[in-house]
Amino acid sequence: MRSPLLLLALLLLTTLPALGDVAAEEIPEENSSTVSEDTRVVRDAFDAAEQAIAEDDWGTAVRRLQAIIDAERDPKAPTQAIAWVLPVRGRSVYEGAWIVARHRIARGGQEALAAYEAEFGRTATDLLREARATRDPEALAYVARHYLPLPSARTAVLALADLALEAGDRDGALGWLDRLADVEAVSGEPTEAWAPWRRARQARAAAALARPDTTDAVRAHLVRAEGVEASPEQRFAPVPA
């Protein structure tokens, strides 16, 4: 009589190949999203912008980059942002082209910001004035999405965070504040130039994260965590309860 262990071993030997075949069929070769291949216009715009930057012509560069920001959506897939491929540690990563264009302007520092303000500052300021007068979230969001490196768009982001907090939408407020932090993280401007915006952002983030009686403690925590000399332990410490 065969032992139960021997029977079990024989059963496993006969079933393992079949299980292996099923597993191989179920595991995809790679995880990927559908991305439009129609990026020629975007590629040309980025190339033209970089050429203008090399020639110290930030006026032309910001106009080219703004065209990418304004396009935003893929004409072949209106629900998707126009994709741009970024090399990251030997892999291809897809990012919204409009975000990459925004970051390129921000990385240009004060020279880029001055050219951007000269080209689009009045438009952004006029749109902000109208949006604030009506407290229209969609109008404010348009300014924030299209002109975020500019001070007027930063003001629009803070206004959107305030409206979200008034509505009790803490996640919405933090989402807008994250966009401001994202631009600051890549900005080529001096650290002190961002100080008032950082304080305003941190105050609203604390209001979104804290109870009324712990707002000051949470704000102090955020200031420490984002400090230039903050240690990893400070940066990743949990927010005070």
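Ala, Val, Leu, Ile, Met, Phe, Trp, Tyr, Cys and Pro count here as nonpolar, Asp, Glu, Lys and Arg as charged, and the others, Gly among them, as polar. With that sorting in hand, the lining of the largest cavity turns out to have six nonpolar, two polar and two charged residues. The model in question is a predicted one. By the rule used, the count comes to one cavity of 30 Å³ or more, and the volume of the largest cavity is about 40 Å³.

Now for the chain as a whole. Its secondary structure comes to 11 helices and four strands. The protein chain has 241 residues, and 37% of them count as buried. As for contacts with a separation of 6 or more, 53% come from residues 24 or more positions apart.

Since 10 of its 11 residues are buried, helix α4 is largely enclosed by the rest of the structure. The buried residues of α4 are A97, W98, I99, V100, A101, R102, H103, R104, I105 and A106. After α4 comes G109, with a positive phi near 70 degrees.

Next comes a helix pair. Two packed helices are described by the angle between their axes and the distance between the axes. For α5 and helix α7 (residues 151-166), the axes come within 7 Å and cross at roughly 35 degrees. On the α5 side the contact is made by L113, E117, A124, T125, L128 and R132, and on the α7 side by P151, S152, R154, T155 and A156. Sorted by class, this contact of α5 with α7 has five nonpolar, three polar and three charged residues.

The largest nonpolar core holds 54 residues, and the ones that touch the most other members are F46, I68, Y116, L140 and Y147. Helix α7 gives the most to this core, with nine residues. What does L140 touch, once neighbours within four places in sequence are left aside? Its contacts are L128, A131, R132, A156, A159, L160 and L163.

The loop between α6 (137-147) and α7 is where L150 is found. L150 counts as buried because its relative accessibility is 0%, and buried means under 20%. Not counting residues up to four places away in sequence, L150 touches L113, Y116, E117, F120, G121 and A124. From L150 to A106 the gap is 44 residues in sequence, but 9.0 Å in space, C-alpha to C-alpha.

Apart from neighbours within four places in sequence, R201 is in contact with L158, L177, L180, A181, E184 and E226.

Helix α6 contains A139, which is partly exposed at a relative accessible area of 26%. A139 and L160 are 21 residues apart in sequence, and their C-alpha atoms are 10.0 Å apart in space.

Finally, a word on backbone angles. Most residues other than glycine have a negative phi, and most peptide bonds are trans. Against that background, D56 has a positive phi, near 60 degrees. D56 sits in the loop between α2 (40-54) and α3 (58-71) and is exposed, with a relative accessible area of 53%. R135 has a positive phi too, near 50 degrees. The place of R135 is the loop between α5 and α6, and at 48% relative accessibility R135 counts as partly exposed.

Key:
Residues numbered from 1 in each chain as written. Predicted model: local features only at pLDDT ≥ 70, side-chain atom pairs only at ≥ 80, totals over all residues. Heavy atoms only, no water. Buried < 20%, exposed > 50% of the residue type's maximum accessible area, 1.4 Å probe, protein only. Helix = DSSP H or I, 4+ residues; strand = E, 2+ residues; numbered from the N terminus. 1 Å grid on protein atoms, 1.4 Å probe; cavity = no way out; pocket = protein on both sides within 12 Å on 5 of 7 lines; lining within 4 Å. Points joined across faces, edges and corners; volume = space filled by probe spheres on them. Axes fitted to C-alpha atoms, helices over the stretch in contact; angles between N-to-C directions. Contact = heavy atoms within 4.5 Å. Core = buried A, V, L, I, M, F, W, Y, C linked by side-chain atoms within 4.5 Å.
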